[in-house]
Amino acid sequence: IDARRAADELAPESAAGPVWVEWHARLKRNLDAAGPLLSRLAPKEARLGEPVAEIVSELERHLAGVAHPAIFIDEGGRASVLRSGVPVRARRRDWEWLSSRPRVGVSREFATREECAHLMNKVSGSLVRAEVYRTGRSANDDAELESFSGRGAPFGAMRSDAVVRLLERRVAGASDHAIDTLEPSSVICYQPGEEYRRHVDFFSDEQIETNRVQRFDTGGQRVATFLLYLEVPARGGETEYPDSGVVVRGERGMGVLHYNVGTDGRPDPLSAHIGRAVEVGEKWLWRTALRAQPLYS
(Lines give C-alpha, C1' and ligand atoms only; values in the text may rest on other atoms or scores of the structure.)
Protein backbone atom coordinates (compact mmCIF):
# COMPACT_ATOMS: atom_id res chain seq x y z
CA ILE A 1 0.00 0.00 0.00
CA ASP A 2 1.33 3.42 -1.05
CA ALA A 3 4.77 2.05 -2.00
CA ARG A 4 4.63 2.68 -5.75
CA ARG A 5 3.14 6.15 -5.32
CA ALA A 6 5.74 7.12 -2.71
CA ALA A 7 8.59 5.77 -4.84
CA ASP A 8 7.44 7.66 -7.92
CA GLU A 9 7.24 10.91 -5.96
CA LEU A 10 10.70 10.40 -4.49
CA ALA A 11 12.37 9.29 -7.72
CA PRO A 12 10.12 9.05 -10.79
CA GLU A 13 10.85 5.86 -12.67
CA SER A 14 11.16 7.81 -15.89
CA ALA A 15 13.96 9.91 -14.35
CA ALA A 16 15.79 7.07 -12.60
CA GLY A 17 19.31 6.54 -13.83
CA PRO A 18 22.58 4.92 -12.79
CA VAL A 19 22.96 7.19 -9.74
CA TRP A 20 19.61 6.09 -8.26
CA VAL A 21 20.40 2.45 -8.97
CA GLU A 22 23.77 2.75 -7.22
CA TRP A 23 22.31 4.40 -4.09
CA HIS A 24 19.58 1.77 -3.90
CA ALA A 25 22.20 -0.99 -4.09
CA ARG A 26 24.31 0.69 -1.39
CA LEU A 27 21.35 1.07 0.92
CA LYS A 28 20.33 -2.56 0.35
CA ARG A 29 23.84 -3.77 1.20
CA ASN A 30 23.88 -1.50 4.26
CA LEU A 31 20.57 -2.95 5.48
CA ASP A 32 21.65 -6.54 4.87
CA ALA A 33 24.85 -5.95 6.86
CA ALA A 34 22.85 -4.48 9.76
CA GLY A 35 21.38 -7.87 10.64
CA PRO A 36 23.80 -8.72 13.48
CA LEU A 37 23.32 -5.29 15.05
CA LEU A 38 19.53 -5.59 14.82
CA SER A 39 19.64 -9.02 16.46
CA ARG A 40 21.56 -7.48 19.36
CA LEU A 41 18.94 -4.74 19.64
CA ALA A 42 16.16 -7.26 20.25
CA PRO A 43 17.63 -10.62 21.25
CA LYS A 44 15.26 -13.42 22.17
CA GLU A 45 16.65 -13.47 25.71
CA ALA A 46 16.40 -9.68 26.17
CA ARG A 47 14.96 -8.49 29.46
CA LEU A 48 12.42 -5.69 29.68
CA GLY A 49 14.17 -2.36 30.26
CA GLU A 50 17.62 -3.58 29.22
CA PRO A 51 19.69 -0.59 27.96
CA VAL A 52 19.94 -0.36 24.19
CA ALA A 53 21.40 3.14 23.70
CA GLU A 54 24.86 1.85 22.80
CA ILE A 55 23.46 -0.52 20.16
CA VAL A 56 21.28 2.24 18.71
CA SER A 57 24.35 4.45 18.35
CA GLU A 58 26.16 1.64 16.55
CA LEU A 59 23.20 1.22 14.20
CA GLU A 60 23.17 4.94 13.44
CA ARG A 61 26.90 4.95 12.68
CA HIS A 62 26.35 1.91 10.48
CA LEU A 63 23.58 3.70 8.56
CA ALA A 64 25.78 6.75 8.05
CA GLY A 65 28.37 4.38 6.61
CA VAL A 66 26.32 4.25 3.41
CA ALA A 67 28.10 7.57 2.70
CA HIS A 68 25.12 9.40 1.25
CA PRO A 69 25.73 13.18 1.38
CA ALA A 70 22.39 13.75 3.17
CA ILE A 71 23.14 11.32 6.03
CA PHE A 72 25.76 12.25 8.62
CA ILE A 73 26.73 11.93 12.28
CA ASP A 74 26.19 15.24 14.08
CA GLU A 75 28.28 16.81 16.84
CA GLY A 76 26.28 14.90 19.45
CA GLY A 77 27.17 11.57 17.87
CA ARG A 78 23.67 10.95 16.47
CA ALA A 79 22.66 10.16 12.91
CA SER A 80 21.06 13.15 11.18
CA VAL A 81 19.54 13.82 7.80
CA LEU A 82 19.73 16.91 5.63
CA ARG A 83 16.74 18.16 3.69
CA SER A 84 17.48 20.98 1.25
CA GLY A 85 20.78 21.45 3.08
CA VAL A 86 19.15 21.86 6.52
CA PRO A 87 19.23 19.16 9.25
CA VAL A 88 15.83 17.60 9.83
CA ARG A 89 14.76 17.95 13.46
CA ALA A 90 11.93 16.34 15.37
CA ARG A 91 8.99 18.72 15.33
CA ARG A 92 6.72 19.71 18.18
CA ARG A 93 3.29 18.14 17.89
CA ASP A 94 1.05 20.94 19.11
CA TRP A 95 -2.75 20.88 19.00
CA GLU A 96 -4.90 23.24 16.99
CA TRP A 97 -8.12 23.35 19.00
CA LEU A 98 -11.23 23.50 16.82
CA SER A 99 -13.83 23.43 19.58
CA SER A 100 -14.01 23.88 23.35
CA ARG A 101 -17.12 21.73 23.76
CA PRO A 102 -16.65 19.10 22.84
CA ARG A 103 -12.90 19.70 23.02
CA VAL A 104 -11.59 18.71 19.60
CA GLY A 105 -8.02 19.29 18.45
CA VAL A 106 -5.93 18.33 15.43
CA SER A 107 -2.17 17.90 15.08
CA ARG A 108 -0.97 18.00 11.50
CA GLU A 109 1.90 15.71 10.52
CA PHE A 110 1.48 13.75 13.74
CA ALA A 111 2.80 10.65 11.93
CA THR A 112 4.99 10.21 8.89
CA ARG A 113 3.88 8.84 5.57
CA GLU A 114 6.00 5.74 6.21
CA GLU A 115 4.41 5.13 9.62
CA CYS A 116 0.93 5.40 8.08
CA ALA A 117 1.81 3.00 5.25
CA HIS A 118 3.34 0.56 7.76
CA LEU A 119 0.14 0.42 9.83
CA MET A 120 -2.04 -0.14 6.77
CA ASN A 121 0.19 -2.89 5.40
CA LYS A 122 0.35 -4.52 8.82
CA VAL A 123 -3.40 -5.26 8.87
CA SER A 124 -4.51 -4.98 5.24
CA GLY A 125 -4.95 -8.75 4.92
CA SER A 126 -6.82 -9.07 8.22
CA LEU A 127 -9.63 -6.53 7.89
CA VAL A 128 -13.03 -7.94 8.78
CA ARG A 129 -16.53 -6.68 9.53
CA ALA A 130 -17.34 -5.41 13.00
CA GLU A 131 -19.33 -8.50 13.93
CA VAL A 132 -16.11 -10.54 13.66
CA TYR A 133 -13.74 -8.41 15.74
CA ARG A 134 -16.37 -7.05 18.15
CA THR A 135 -17.82 -9.40 20.75
CA GLY A 136 -20.99 -7.41 21.41
CA ARG A 137 -20.45 -7.84 25.15
CA SER A 138 -20.60 -4.13 25.97
CA ALA A 139 -22.64 -1.09 25.05
CA ASN A 140 -19.77 0.34 23.00
CA ASP A 141 -19.27 -2.93 21.13
CA ASP A 142 -22.98 -3.01 20.36
CA ALA A 143 -22.82 0.59 19.09
CA GLU A 144 -20.00 -0.27 16.69
CA LEU A 145 -21.86 -3.33 15.44
CA GLU A 146 -24.93 -1.20 14.74
CA SER A 147 -23.27 1.97 13.45
CA PHE A 148 -20.11 1.05 11.51
CA SER A 149 -20.46 -0.47 8.04
CA GLY A 150 -16.75 -0.71 7.19
CA ARG A 151 -14.02 -3.17 8.21
CA GLY A 152 -11.41 -3.16 10.93
CA ALA A 153 -8.69 -5.07 12.71
CA PRO A 154 -7.36 -4.83 16.27
CA PHE A 155 -3.63 -4.79 16.83
CA GLY A 156 -3.48 -6.54 20.18
CA ALA A 157 -0.31 -7.70 21.88
CA MET A 158 0.80 -10.14 19.19
CA ARG A 159 0.48 -7.78 16.22
CA SER A 160 1.81 -4.62 17.88
CA ASP A 161 5.39 -3.78 16.93
CA ALA A 162 7.94 -1.00 17.42
CA VAL A 163 5.99 1.42 15.19
CA VAL A 164 2.77 0.87 17.15
CA ARG A 165 4.60 1.31 20.46
CA LEU A 166 6.34 4.45 19.21
CA LEU A 167 3.02 5.99 18.19
CA GLU A 168 1.45 5.04 21.52
CA ARG A 169 4.27 6.86 23.33
CA ARG A 170 3.76 9.85 21.03
CA VAL A 171 0.02 9.94 21.77
CA ALA A 172 0.64 9.69 25.51
CA GLY A 173 3.21 12.50 25.45
CA ALA A 174 1.19 14.82 23.23
CA SER A 175 -1.99 14.36 25.30
CA ASP A 176 -0.22 14.43 28.69
CA HIS A 177 -1.59 11.02 29.64
CA ALA A 178 0.25 8.06 31.13
CA ILE A 179 0.99 5.44 28.49
CA ASP A 180 -0.67 2.71 30.54
CA THR A 181 -4.02 4.50 30.17
CA LEU A 182 -4.09 3.87 26.41
CA GLU A 183 -6.40 1.14 25.14
CA PRO A 184 -5.02 -1.41 22.67
CA SER A 185 -5.19 0.20 19.24
CA SER A 186 -6.98 -0.84 16.05
CA VAL A 187 -7.38 0.19 12.43
CA ILE A 188 -10.66 0.77 10.62
CA CYS A 189 -11.16 1.18 6.88
CA TYR A 190 -14.06 2.73 4.97
CA GLN A 191 -14.68 2.05 1.28
CA PRO A 192 -17.16 3.98 -0.90
CA GLY A 193 -20.62 4.01 0.64
CA GLU A 194 -19.39 2.94 4.08
CA GLU A 195 -19.88 5.13 7.13
CA TYR A 196 -19.89 5.32 10.91
CA ARG A 197 -23.27 6.67 11.99
CA ARG A 198 -23.74 8.96 14.99
CA HIS A 199 -22.30 7.47 18.19
CA VAL A 200 -20.46 8.33 21.41
CA ASP A 201 -17.26 6.78 22.77
CA PHE A 202 -17.78 7.34 26.51
CA PHE A 203 -18.95 4.65 28.92
CA SER A 204 -22.05 4.88 31.07
CA ASP A 205 -21.62 4.39 34.81
CA GLU A 206 -23.22 0.96 34.40
CA GLN A 207 -20.75 -0.02 31.69
CA ILE A 208 -17.78 1.07 33.79
CA GLU A 209 -19.01 -1.17 36.62
CA THR A 210 -19.67 -4.07 34.21
CA ASN A 211 -16.17 -3.68 32.78
CA ARG A 212 -14.70 -3.75 36.28
CA VAL A 213 -16.63 -6.78 37.50
CA GLN A 214 -16.83 -8.94 34.39
CA ARG A 215 -13.65 -7.96 32.54
CA PHE A 216 -11.37 -6.96 35.43
CA ASP A 217 -11.02 -3.64 33.59
CA THR A 218 -9.80 -0.98 36.02
CA GLY A 219 -9.38 1.79 33.42
CA GLY A 220 -12.65 3.56 34.18
CA GLN A 221 -13.99 6.18 31.82
CA ARG A 222 -12.85 6.77 28.25
CA VAL A 223 -11.66 10.31 28.78
CA ALA A 224 -10.65 10.94 25.16
CA THR A 225 -10.37 9.29 21.75
CA PHE A 226 -7.37 9.60 19.44
CA LEU A 227 -7.65 9.09 15.68
CA LEU A 228 -4.80 9.05 13.17
CA TYR A 229 -5.58 9.49 9.48
CA LEU A 230 -3.61 6.88 7.54
CA GLU A 231 -5.32 7.47 4.18
CA VAL A 232 -7.82 10.15 3.18
CA PRO A 233 -10.49 9.60 0.53
CA ALA A 234 -10.71 11.87 -2.49
CA ARG A 235 -14.25 12.81 -1.51
CA GLY A 236 -16.41 12.24 1.56
CA GLY A 237 -15.40 10.53 4.78
CA GLU A 238 -15.18 13.62 7.00
CA THR A 239 -15.36 13.25 10.80
CA GLU A 240 -18.24 15.42 11.98
CA TYR A 241 -19.26 16.59 15.44
CA PRO A 242 -22.81 17.65 14.56
CA ASP A 243 -23.73 19.30 17.86
CA SER A 244 -20.84 21.74 17.67
CA GLY A 245 -20.65 22.21 13.90
CA VAL A 246 -17.04 20.94 13.71
CA VAL A 247 -16.10 18.97 10.60
CA VAL A 248 -12.60 17.48 10.24
CA ARG A 249 -11.62 16.82 6.65
CA GLY A 250 -8.44 15.06 7.62
CA GLU A 251 -5.01 14.77 6.04
CA ARG A 252 -2.71 11.78 5.89
CA GLY A 253 -0.68 11.72 9.10
CA MET A 254 -3.05 14.08 10.96
CA GLY A 255 -3.92 13.22 14.55
CA VAL A 256 -7.34 14.10 15.98
CA LEU A 257 -7.97 14.19 19.73
CA HIS A 258 -11.50 14.62 21.04
CA TYR A 259 -12.57 14.51 24.65
CA ASN A 260 -15.57 12.36 25.55
CA VAL A 261 -16.06 14.01 28.94
CA GLY A 262 -16.42 17.57 30.17
CA THR A 263 -14.21 19.39 32.62
CA ASP A 264 -16.17 17.74 35.45
CA GLY A 265 -15.24 14.28 34.19
CA ARG A 266 -18.82 13.42 33.32
CA PRO A 267 -19.83 12.11 29.86
CA ASP A 268 -20.33 14.93 27.39
CA PRO A 269 -23.25 14.22 25.02
CA LEU A 270 -21.90 16.91 22.66
CA SER A 271 -18.99 14.57 21.89
CA ALA A 272 -21.26 12.51 19.65
CA HIS A 273 -19.65 12.21 16.22
CA ILE A 274 -20.12 10.78 12.75
CA GLY A 275 -17.81 9.26 10.18
CA ARG A 276 -19.45 10.49 7.00
CA ALA A 277 -19.85 8.05 4.13
CA VAL A 278 -16.88 7.81 1.79
CA GLU A 279 -17.76 8.79 -1.78
CA VAL A 280 -14.49 8.32 -3.69
CA GLY A 281 -11.37 6.48 -2.50
CA GLU A 282 -10.74 4.89 0.89
CA LYS A 283 -10.46 6.18 4.45
CA TRP A 284 -8.13 4.49 6.93
CA LEU A 285 -7.84 5.40 10.61
CA TRP A 286 -5.62 4.13 13.43
CA ARG A 287 -7.34 4.69 16.77
CA THR A 288 -7.02 4.31 20.50
CA ALA A 289 -8.76 5.69 23.58
CA LEU A 290 -7.35 7.25 26.73
CA ARG A 291 -8.76 6.08 30.03
CA ALA A 292 -9.10 7.78 33.40
CA GLN A 293 -6.92 5.20 35.19
CA PRO A 294 -4.24 2.71 34.14
CA LEU A 295 -5.57 -0.38 32.41
CA TYR A 296 -2.92 -2.65 33.86
CA SER A 297 -2.86 -2.33 37.64
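How many aromatic pairs does the count come to in this structure? The count comes to 8 aromatic pairs, where rings of Phe, Tyr and Trp (its six-membered ring) pair if their centres lie within 6.5 Å, and planes under 30 degrees apart are stacked, over 60 edge-to-face and the rest tilted. The model is predicted, so local features need pLDDT of at least 70 and side-chain atom pairs count only at pLDDT 80 or more, while totals for chains, interfaces and linings use all residues. Residues are numbered from 1 along each chain as its sequence is written, and side-chain values use heavy atoms, leaving out hydrogens and water.

The description may begin with the sheet. An open sheet is formed by 8 strands in the order E4-E5-E14-E10-E17-E8-E7-E6, with antiparallel pairing. Its edge strands, each pairing on one side only, are E4 (96–100) and E6 (128–129). Strands here are DSSP runs (E, at least two residues), as are helices (H or I, at least four), both numbered from the N terminus; two strands pair if DSSP finds at least two bridges between them. Strand E5 (residues 103–107) is joined to strand E14 (residues 255–259) by 4 bridges in the antiparallel sense, and Val104 has His258 of E14 as its bridge partner.

Helix H9 (residues 162–175) lies across strands E10 (222–231), E14 and E17 (283–291), and runs at about 55° to E17. Contact means heavy atoms within 4.5 Å; axes are lines fitted to C-alpha atoms, for helices over the stretch in contact, and angles run from 0 to 180 degrees between N-to-C directions.

The aromatic side chains come next. Ring pairs link Trp95, Trp97, Phe110, Phe226, Tyr259 and Trp286 into a cluster. Within the tilted pair of Trp95 and Trp97, the centres are 6.1 Å apart and the planes stand at 35°. Trp95 is buried at 17% relative accessibility, whereas Trp97 is partly exposed at 36%; buried means under 20% relative accessible area, exposed over 50% and partly exposed in between (1.4 Å probe, protein chains only).

Phe110 and Phe226 also form a tilted pair, because their ring centres are 4.9 Å apart and their planes lie at 50°. Phe110 belongs to the loop between E5 and helix H5 (113–123) and Phe226 to strand E10, so this pair ties together parts 116 residues apart in sequence. Phe110 is buried at 0% relative accessibility, and Phe226 is buried with a relative accessible area of 0%.

Phe110 also has a charged neighbour: the charged end of Arg93 sits over its ring, 5.8 Å from the centre. Such a charge is NZ of Lys or CZ of Arg within 6 Å of the ring centre and within 35 degrees of the ring normal. Elsewhere, Arg26 lies over the face of Trp23, at 4.6 Å from the ring centre.
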